[in-house]
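Colleague: I have not looked at this structure before. Could we go through it together, one topic at a time?

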Amino acid sequence: MLTSVDTDLIRVLADPLRLKIVTLLAEETLCTTHLVEETGARQTNLSNHLKVLREAGVVQTEPCGRFTYYKLRADVIASLAGQFAELAESARHAAENKRACP
């Protein structure tokens, strides 16, 4: 049975800068300075997006001296991927189901 796709998480990831951040964090754990360099975004703008990602549970922080490192929570991404996999499986079966018009 199809579970609902987490629409709140999709909204969070729909922003191009947040998706870029997630893509970068999929490769390595980075601090804000690294993310500013990689994205070209202003530090305040980036911090706001990181806050949204953190509050959504997509990233977690790791303090390291005076820096804060961010890492992607793979379990959250895997859960969302699983929801889309279920949706795709349902769509494969839906091709066989056609509701008759009244």
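Colleague: Let us start with His49. Does His49 count as buried or exposed?

Modeller: Please keep in mind that this is a predicted model. His49 has a relative accessibility of 12%, and it counts as buried because that value is under the 20% cut-off.

Colleague: Where is His49 found, and what does it touch?

Modeller: His49 belongs to helix α4. Leaving aside residues up to four places away in sequence, His49 touches Asp15, Leu17, Arg18 and Ile21.

Colleague: At what angle do α2 and α4 pack?

Modeller: The angle is about 75°, and the axes of α2 and α4 are 10 Å apart. That angle lies in the range of 65 to 115 degrees, so α2 counts as roughly perpendicular to α4.

Colleague: Which residues make that contact?

Modeller: From α2, the contact uses Leu17, Arg18, Ile21 and Val22. From α4, Asn45, Leu46, His49, Leu50, Val52 and Leu53 take part. By class, the contact of α2 with α4 has seven nonpolar residues, two polar and one charged.

Colleague: And how do α1 and α2 pack?

Modeller: Helix α1, residues 7–14, and helix α2, residues 16–27, meet at an angle of about 90°, with their axes 5 Å apart. This makes α1 roughly perpendicular to α2. On the α1 side the contact involves Arg11, Val12, Leu13 and Ala14, and on the α2 side Pro16, Arg18, Leu19 and Val22. Six of the residues in the contact of α1 with α2 are nonpolar, two are charged and none is polar.

Colleague: Now the sheet. In what order do the strands lie?

Modeller: The order is β1-β3-β2, in an open sheet of three strands with antiparallel pairing. β1 (30–31) and β2 (59–64) are the edge strands, each pairing on one side only. Helix α4, residues 43–55, packs on the sheet and touches β2 and β3. The direction of α4 makes about 115° with that of β2.

Colleague: How many bridges join the strands?

Modeller: Two bridges join β1 to β3, which covers residues 67–72, and six join β2 to β3. In β3, Lys71 is the residue opposite Gln60.

Colleague: What lies between β2 and β3?

Modeller: β2 and β3 form a hairpin, with two residues between them. Gly65, in the turn, has a positive phi of about 65°.

Colleague: A change of topic: how many disulfides are there?

Modeller: A search of the whole structure finds zero. Cys64, for instance, is in no disulfide, and the nearest cysteine sulfur, that of Cys31, is 9.0 Å away.

Colleague: How accessible are Cys64 and Cys101?

Modeller: Cys64 counts as partly exposed because its relative accessibility is 41%, between the 20% and 50% limits. Cys101 has a relative accessibility of 73%, so Cys101 counts as exposed.

Colleague: Last one: where is Glu96, and is it buried or exposed?

Modeller: Glu96 lies in the segment after α5 (74–94). Glu96 counts as exposed because its relative accessibility is 66%. The C-alpha atoms of Glu96 and Gln60 are separated by 42 Å, and the two residues are 36 residues apart along the chain.

Methods: Residues numbered from 1 in each chain as written. Predicted model: local features only at pLDDT ≥ 70, side-chain atom pairs only at ≥ 80, totals over all residues. Heavy atoms only, no water. Helix = DSSP H or I, 4+ residues; strand = E, 2+ residues; numbered from the N terminus. Buried < 20%, exposed > 50% of the residue type's maximum accessible area, 1.4 Å probe, protein only. Pairing = 2+ DSSP bridges. Contact = heavy atoms within 4.5 Å. Axes fitted to C-alpha atoms, helices over the stretch in contact; angles between N-to-C directions. Disulfide = S-S within 2.5 Å. Parallel < 35°, antiparallel > 145°, perpendicular 65-115°, else oblique. Nonpolar A, V, L, I, M, F, W, Y, C, P; charged D, E, K, R; others polar.
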